[in-house]
Amino acid sequence: MDILKLISNLHDFIEPQEISHFIFEVLDNMPFPIMLKNIDDDFKYIFWNKQCELFFEIEKSYVLGKNDMEIYGEDKGNKIREQDMEVVQTGTPQRVEEKFEDEKQKKQYTTREKSVIRIRKLHLLIVVWWNITEQVTARKVLEQLTYEKEHLNNRNELILENANIGLAFITPNCSVLWDNLSSYIKHPKLEEFDRMPEKKCYKIWGANSPCADCIIAKVLKTSVPQKIISSQLLEGLIVEITMDTAYDKDKQKAEGVVVKIEDITERYKKNEELN
């Protein structure tokens with residue numbers, strides 16, 4: 001049964017004189033700190049559950065009947081009071097993420113939520129804490145990995161932009177994931193290819209579907225590097241195209257093909273003249 005429904009229908013299960021004791025036991029045994037302050041009695045604590053004792057290392061017997069100034073001193077106590085008054089005056093619950101160091105100088109992160117409740121004549125401030133250290137640590141690790149990935153991508157792009165050779169990475173479905181071809185070789189065909197919303201390698205050859213004798217597929221199937229010299233790929237230029245399989249880090253699965261394209265027009269012409 002849903003716990004909220006159970007509590008709202010306590011009279012069906014528990015004698016009236018036992019309901020308050022039941023609620024107290026539920027709150028006292030919650031797996032996170034819960035505290036209650038009496039707003040009309042100088043914000044003195046009237047409830048401090050077991051997790052409060054463990055989390056703050058302050059016993060219930062010391063806290064109950066005291067306010068934050070009496071417990072933590074004037075400076076810290078006044079800061080807490082300012083936060084409490086803001087919640088009371090606005091009537092808006094306040095949720096804050098906080099960082100602190102425990103006695104072992106270990107960083108801890110918590111989410112603290114304060115809100116005002118009324119129980120008959122009692123005007124109370126309820127404060128609930130959640131320890132979110134693991135979530136924050138995981139988030140920071142993810143942020144660092146994202147930063148490192150972006151840094152690596154930026155560095156790789158810089159290398160590609162300044163490489164003295166044309167490079168491209170082509171997946172098994174013919175998608176060109178990255179390339180520096182238009183930076184290495186200034187050619188209208190490559191500039192047009194760069195503007196295409198879907199970059200498929202066969203489109204450089206003017207085709208709308210994979211070539212029947214696709215060399216990329218051959219390289220992936222045989223794992224044997226291929227090299228061709230073409231005067232048809234880029235009009236007016238002679239290029240040497242080398243293709244080799246790119247594997248994952250375990251060298252087990254072929255992720256795609258790395259293609260190197262070099263403009264050998266001048267070298268080819270000189271060789272032709274010598275011959």
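Visitor: Where is Ser223 placed?

Guide: This is a predicted model. In it, Ser223 sits in the loop between helix 10 and strand 8 (226-230).

Visitor: What is the phi of Ser223 near?

Guide: The general idea comes first. Most residues other than glycine have a negative phi. Now the case here. Ser223 is not a glycine, yet its phi is positive, near 60°.

Visitor: Is Ser223 buried or partly exposed?

Guide: Ser223 counts as partly exposed, because its relative accessibility is 36%.

Visitor: Which loop holds Cys174?

Guide: Cys174 lies in the loop between strand 6 and strand 7. Cys174 also has a positive phi, about 75°, although it is not a glycine. With 7% relative accessibility, Cys174 counts as buried.

Visitor: How many residues lie between strand 6 and strand 7 in the hairpin?

Guide: Five residues lie between the two strands, and Cys174 is in that turn. Strand 6 covers residues 166-170 and strand 7 covers residues 176-179. They pair in the antiparallel sense, over three bridges.

Visitor: Is Cys211 buried or partly exposed, and how does Cys52 compare?

Guide: Cys211 is partly exposed, with a relative accessible area of 32%. Cys52 is buried, at 0%.

Visitor: Which residues touch the most other members of the largest nonpolar core?

Guide: A core is read through its buried nonpolar side chains and their links. Here the largest core has 24 residues, and Ile216, Val259 and Ile261 touch the most other members. Strand 6, helix 9 (188-194), helix 10 (215-222), strand 9 (239-247) and strand 10 (254-263) each give two or more residues to this core. A second, separate core has 13 residues, among them Ile39, Phe43, Ile58 and Val63.

Visitor: What is Ile261 in contact with?

Guide: Leave aside neighbours within four places in sequence. The contacts of Ile261 then include Ile165, Gly166, Leu181, Tyr184 and Ile185. Leu233, Val239, Glu240 and Ile241 are also in contact with Ile261.

Visitor: Where is Thr110 placed, and what does it touch?

Guide: Thr110 is in strand 4 (residues 107-119). Thr110 is buried, since its relative accessible area is 0%. Not counting residues up to four places away in sequence, Thr110 touches residues including Phe55, Val96, Phe100, Trp129 and Trp130.

Key. Residues numbered from 1 in each chain as written. Predicted model: local features only at pLDDT ≥ 70, side-chain atom pairs only at ≥ 80, totals over all residues. Heavy atoms only, no water. Pairing = 2+ DSSP bridges. Helix = DSSP H or I, 4+ residues; strand = E, 2+ residues; numbered from the N terminus. Core = buried A, V, L, I, M, F, W, Y, C linked by side-chain atoms within 4.5 Å. Buried < 20%, exposed > 50% of the residue type's maximum accessible area, 1.4 Å probe, protein only. Contact = heavy atoms within 4.5 Å.
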